[in-house]
Amino acid sequence: MTCELLKHLTEERGSNLMLGFIIRPPHQLLSLLLCPGLRIPRLSVLCAQPRLRAMAVSSSAWELPLVAVCQVTSTPDKKQNFITCAELIREAARLGACLAFLPEAFDFIARDPEETLHLSEPLGGNLLGEYTQLARECGLWLSLGGFHERGQDWEQTQKIYNCHVILNNKGSVVATYRKTHLCDVEIPGQGPMHESNSTIPGPSLESPVSTPAGKIGLAICYDMRFPELSLALVQAGAEILTYPSAFGSVTGPAHWEVLLRARAIESQCYVVAAAQCGRHHEKRASYGHSMVVDPWGTVVARCSEGPGLCLARIDLSYLRRLRQHLPVFQHRRPELYGHLGHPLS
């Protein structure tokens, strides 16, 4: 991809915030695909980390919705985790984002299944109440990427759900998705992961939810390895797929970006992936590299190392033109290989 770094610096009043750069799609490739003379607009992207200085963007695309992707290092300390997330959410609101994405396990990452169950809460508990108030305070939609939820069957099962919650800017819960593919794997060099020891798989997918940034299809982390899920969501109307995650230090470098770009290309959706990063405690660390990928498969925003956030504008007119000129969903042959992703009922 090509990248034009803006040369001028500006001071943001009252803040030392790193603002970013503009990334364009690969025009030479697009020119072979799209009609001659069809102009693909620049994709305006900002990257930010609190307390750092950098560049400001001058762009003609400021009217496009801006989303913020938050990267954190959760620990078993729920109170401190909330303080960290709230700081990033308030920064996202100050920068003009309409929606902020938090990663899987934004509430906490425990040391073992017993601690996970002990720290979990119902959706009506104190922690979600704090995020509800924060969404109202900031006037911001929130994607809470993986909440350790004590469901209605808690008393019977003594297990929880990994629940992706969408709050609107009034603080109301508008969608919930419970992770359907649980990560029970043993990767050499990364340590075993047995999510099913404490977690129940969700029973169904959630229909895409309309937000100020577009229609969002909900998934969580390990779900990204199952393209049937993304295909089902896009056939149900998704324009943005979101994969809040906590990828490990071995699978992260090998698979993280590759899978996210593949999901974006095959579904012709934006992909937003907020990630955990760094060492959570003595037993676990995460890869980080939160990013936004456009429908062409270009990484248009990416977090640097450590906690922080990156920002990207969502251009749905670009998405629609790309789907028009590369109509892969019209060309599918289910009579040959079946439906890889059935539309949601």
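In what order do the six strands of the open sheet stand? The order is S11-S12-S13-S14-S17-S18, and the pairing is mixed. This is a predicted model.

## The sheet

Look at the edges. Strand S11 (209-211) and strand S18 (299-302) each have a single partner strand, so one side of each is left without a neighbour in the sheet. On average, neighbouring strands are turned by 25° against each other, direction ignored.

Strands of a sheet pair through backbone hydrogen bonds, either parallel or antiparallel. Strand S13 (residues 240-242) runs parallel to strand S14 (residues 270-273), and three bridges join them. Leucine 241 faces valine 271 in S14. Strand S17 (residues 291-293) pairs with S18 in the antiparallel sense, again over three bridges. Here methionine 291 has arginine 302 in S18 as its bridge partner. S17 and S18 form a hairpin, with five residues between them. In that turn, glycine 297 has a positive phi of about 100°.

In soluble globular proteins, nonpolar side chains tend to be buried together. The largest nonpolar core of this model has 49 residues. Trp256, Leu260 and Val292 touch the most other members. Another core lies apart from it and has 30 residues, including Leu95, Leu102, Leu134 and Phe147.

| Residue | Relative accessible area |
|---|---|
| Arginine 263 | 6% |
| Serine 245 | 0% |
| Phenylalanine 106 | 0% |

Is arginine 263 buried or exposed? Arginine 263 is buried, because its relative accessible area of 6% falls under the 20% cut-off. Arginine 263 is found in helix H7 (residues 251-267). Not counting residues up to four places away in sequence, arginine 263 touches Met224, Arg225, Pro227, Ser230, Leu241, Tyr243 and Val271.

Serine 245 lies in the loop between S13 and H7. Serine 245 is buried too. Its side chain reaches the backbone oxygen of tyrosine 243 at 2.8 Å.

Phenylalanine 106 sits in another loop, between S5 and H3. Phenylalanine 106 also counts as buried. The C-alpha atoms of phenylalanine 106 and leucine 144 are separated by 7.2 Å, although these residues are 38 residues apart along the chain. Phenylalanine 106 touches Leu144, and its other contacts include Ser74, Tyr131, Phe147 and Gln276.

## Helix H2

Helix H2 (residues 78-94) has 17 residues. From its first C-alpha to its last, H2 reaches 24 Å, close to the 24 Å expected at 1.5 Å a residue.

Which residues of H2 are buried? They are Lys78, Asn81, Phe82, Cys85, Ala86, Leu88, Ile89, Glu91 and Ala92. Both Asn81 and Cys85 are touched by phenylalanine 106. The cover over the buried residues of H2 includes strand S4 (66-71), helix H4 (126-138) and strand S19 (308-313).

Now check the ends. At the start of H2, a side-chain oxygen of aspartate 77 comes to within 3.3 Å of the backbone nitrogen of lysine 79. Just after H2, glycine 96 takes a positive phi of about 100°.

Methods. Residues are numbered from 1 along each chain as its sequence is written. This is a predicted model: local features need pLDDT of at least 70, side-chain atom pairs count only at pLDDT 80 or more; totals for chains, interfaces and linings use all residues. Side-chain values use heavy atoms; hydrogens and water are left out. A nonpolar core is a set of buried Ala, Val, Leu, Ile, Met, Phe, Trp, Tyr and Cys residues joined through side-chain atoms within 4.5 Å. Buried means under 20% relative accessible area, exposed over 50%, partly exposed in between (1.4 Å probe, protein chains only). Helices (H or I, at least four residues) and strands (E, at least two) are DSSP runs, numbered from the N terminus. The expected span of a helix is 1.5 Å times one less than its number of residues. Contact means heavy atoms within 4.5 Å. A polar contact is a pair of N or O atoms within 3.5 Å; within protein, one must be able to donate a hydrogen and the other to accept it, and residues adjacent in sequence count only if both atoms are side-chain atoms. Two strands pair if DSSP finds at least two bridges between them. Axes are lines fitted to C-alpha atoms, for helices over the stretch in contact, and angles run from 0 to 180 degrees between N-to-C directions.
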